[in-house]
Structure formats: C-alpha cells, structure tokens
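Subject: Structure handover

Hello,

Here is the structure I promised to pass on. Please open it first, then read my notes below.

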Amino acid sequence: MKKTVTVFSATGVAGKACVDELIRQGHFRIKVLSRKQGQQEKSSFRPTRGDKEKQLLLDAWHKQGVEIVPADVTDHADLIPALRGTDYLVSCAPMLATEAQYALIWAAKEAGVERFVPSEYGFIYEWEQFWPTDTIHRTIARQKVFVRRVIELAGLDYTIIPAGLWPEFYLAEPVQVMGDGEQKIAWSCGEDVGRIIPHILAHPDSRNAVCPVAATAYCSWNALLNEGEKALGRRIERHYLDSAAWKAAYEQEQDRATKMHLAIGVAATECPEGMPLWANWNKLHLPDFQGTSMPSFFSEVMKTFVEDMRREST
C-alpha cells in the first residue's frame, strides 16, 4: 500500500517542486495543507505567489489527484483531523517561519503521523549552533536543532535534509564569494531542493537520518562560477571575502534580509577545513538523481530570480 505524504507550505518554490515531483514519481498518495483564507504566511526573502495564483496551483494539483486539505495551520484542533491518514509530513516552511512547525509536530503526534521532515534545507544546524560567532542565522540554527528535539520527544521518526547554499541567493553580480572559492560545497537551488525530497523519502536509509545533499552541484565557488561564465559567454564579476570581511559587513548591515544572508557568509567562512558541512548524501544513495544543469541554472533560474527580486523591490 502506498504511503501518504502531506506537504506543508506547498506553494513556495521548494514546496511546489516537491509536490510536482511527488506527482511525477507516483510512489506516494499526496495531500497538501492549504491555509484557510486570510491567514498570513512569512516570506523567505523572495517574492511569494498571490492568493489567485496559489488557488490556480491548488486546483491544478487537485485535478491530478492531490487531496487539498484546508486548515488553520496555527490551531492544533484544526490540524489534527487535517493530518489523519498521513504517513510522512514534509514541511517546506520558510526560514523565518520555523516556529510554525511546533503546532505541526504536536498535531502530527496526535494524528498518528509516522515521520516528520522539518524545514532544514540549508546548513547542518547541529554543527552551526556551536559556531564561534553569534549571528541571527546561528540563532535560527539553534531553533532548528530544538525543533528536531521536539520531533524526537513527540516520538516521531524524522528525516533531516541539509542542502547547503541555495545559489540563486548568492550568485547575483557582483558575486560575493565566501573565502578563497576553492573549498567544495553543496549547492541546491530551491526547485532542486523540492525535487529531491520525494527521492530521499523513498530511500530506506532516510528514516531517522541526516541526509546532507548537493541537489544541484557539489563543487567550489570557482568551479561553479567558471561554469556560469561558459554558459553566459562572459566574465562574472566576483569579489573574494574572508571571514573578517563577512563579519564586518554583517555588523554594519541594518536590513534584516541582507543581514541574514551575510550571517550565512560568516558561518561558511568559519567552517574548519575538513569539516563535512557540505556532505553529498545523494551521490552515495541517489546516483541517478539529476539536478538543474549549469547552463539552465544561469540562463533560466538565475535570470528569473533576479528579475523577480527587482520587480519586488520596485
């Protein structure tokens, strides 16, 4: 019998890609939690879909056999019946909405959910929480680690999917490179993060496991930017910043969204050489998974992302 996967925050970039891949894959029954009308959601520093666009997306999924379950996602009493029949609950909550998962965990326990996949699609937060420099991102890392402890306390299985850096947030020119650009790291664009989740859930080694992936590429900054230059046929402007430079920029920045991304640069440049922060679980367990190609990323994904962000700021 097929397991049932329910996706929370499904209309974001990763959430949509996850649902679309679940449909394409055909291994699971699929449910989507839909916020009741009027409920606000937090942004992940990128443009969000409007209510009309979200409804069109939900309607399209429904026609493809996805069960759409409206719920007050802040209310345990409403979430419990909405989650009944769910085997795996996948959260694609944005970074600044981590606390939204507490209600989900409690309701999942009461509804008999087997496994919870929290929104941890960045660094390996178990390690980052102990990094030497305290930033707003390290605070979020500690909160995400606490969320995992709550999942364990609830008696739920879990799957943690660190995915490294989302390149669309870091490759707008001039590119600010973290360090000397030579250390290999994991790159996972938002769509590839969503696409890889169903493949990880279908793998038996993902139960109660931390599965750090490189869904788009596993390479250094320099290698990635060199591929980008080939794809674009021109030079990509880049600046190399060491840990001290990232810390100085972080301390001076006042805008919260920009400060958050600078904090990630602080964490990345403090990563000791040899620390497996950027592990590549999919290379070992999902060798056939194909992420977005470099030509497609630079000519399509990155171009669209920059245009969307410019429209949002005007």
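**The second largest pocket**

By class, the lining of the second largest pocket has 16 nonpolar, four polar and six charged residues. Here Ala, Val, Leu, Ile, Met, Phe, Trp, Tyr, Cys and Pro count as nonpolar, Asp, Glu, Lys and Arg as charged, and the others, Gly among them, as polar.

Before going on, please note that this is a predicted model: local features need pLDDT of at least 70, side-chain atom pairs count only at pLDDT 80 or more, and totals for chains, interfaces and linings use all residues. Residues are numbered from 1 along each chain as its sequence is written, and side-chain values use heavy atoms, with hydrogens and water left out.

The pocket has a volume of about 720 Å³. Of its 26 lining residues, the closest to the centre are Glu168, Phe169, Tyr170, Leu171 and Ala172. H10 and helix H12 (294-313) are the elements that give two or more residues to the lining. H12 supplies the largest share, eight residues.

Some terms. A pocket is found on a 1 Å grid over the protein atoms alone, as an open set of points where a 1.4 Å probe fits, with protein on both sides within 12 Å along at least five of seven lines; lining residues have an atom within 4 Å of a point. Grid points are joined across faces, edges and corners, and the volume is the space filled by probe spheres set on the points. Helices (H or I, at least four residues) and strands (E, at least two) are DSSP runs, numbered from the N terminus.

**Nonpolar cores**

The largest nonpolar core has 74 residues. Val90, Tyr121, Leu165, Leu171 and Trp221 have the most contacts inside it. Helix H10 (residues 256-269) gives the most to this core, with seven residues. Another core, of 25 residues, lies apart from it; Val73, Leu104, Ala108 and Tyr158 are among its members. A core here is a set of buried Ala, Val, Leu, Ile, Met, Phe, Trp, Tyr and Cys residues joined through side-chain atoms within 4.5 Å. Buried means under 20% relative accessible area, exposed over 50%, and partly exposed in between (1.4 Å probe, protein chains only).

Leu171 turns up in both the pocket lining and the largest core. Leaving out residues up to four places away in sequence, Leu171 touches Trp221, Leu224, Leu225, Phe297, Phe298 and Met302. Contact means heavy atoms within 4.5 Å.

**Salt bridges**

How many salt bridges does a search of the whole structure find? It finds 16. Each is a side-chain nitrogen of Lys or Arg within 4 Å of a carboxyl oxygen of Asp or Glu.

- Arg149 and Glu126 meet at 2.9 Å, N to O. This pair links distant parts of the chain: Arg149 is in helix H6 (residues 136-153) and Glu126 in helix H5 (residues 125-128), 23 residues apart. Arg149 is partly exposed, at 36% relative accessibility.
- Arg234 and Glu173 meet at 2.8 Å, N to O. They too are in distant parts of the chain, 61 residues apart. Arg234 is in the loop between helix H8 (221-232) and strand E11 (238-241), and Glu173 in the loop between strand E6 (157-160) and strand E7 (175-178). Arg234 is partly exposed at 42%, and so is Glu173 at 38%.
- Arg195 pairs with Asp192, with the closest N and O atoms 3.0 Å apart. Both lie in helix H7 (residues 190-201), three residues apart, about one turn of the helix. Arg195 is partly exposed at 23%, whereas Asp192 is buried at 1%.

Shared partners also join Glu126, Arg148, Arg149 and Glu152 into one salt-bridge network.

**Backbone points to check**

Most residues other than glycine have a negative phi, and most peptide bonds are trans. A cis peptide bond joins Glu173 and Pro174, with omega about 0°. Pro174 sits in the loop between E6 and E7.

Ser9 has a positive phi of about 60° although it is not a glycine. Its place is in the loop between strand E1 (4-8) and helix H1 (13-25). Ser9 is buried, at 10% relative accessibility.

Best wishes
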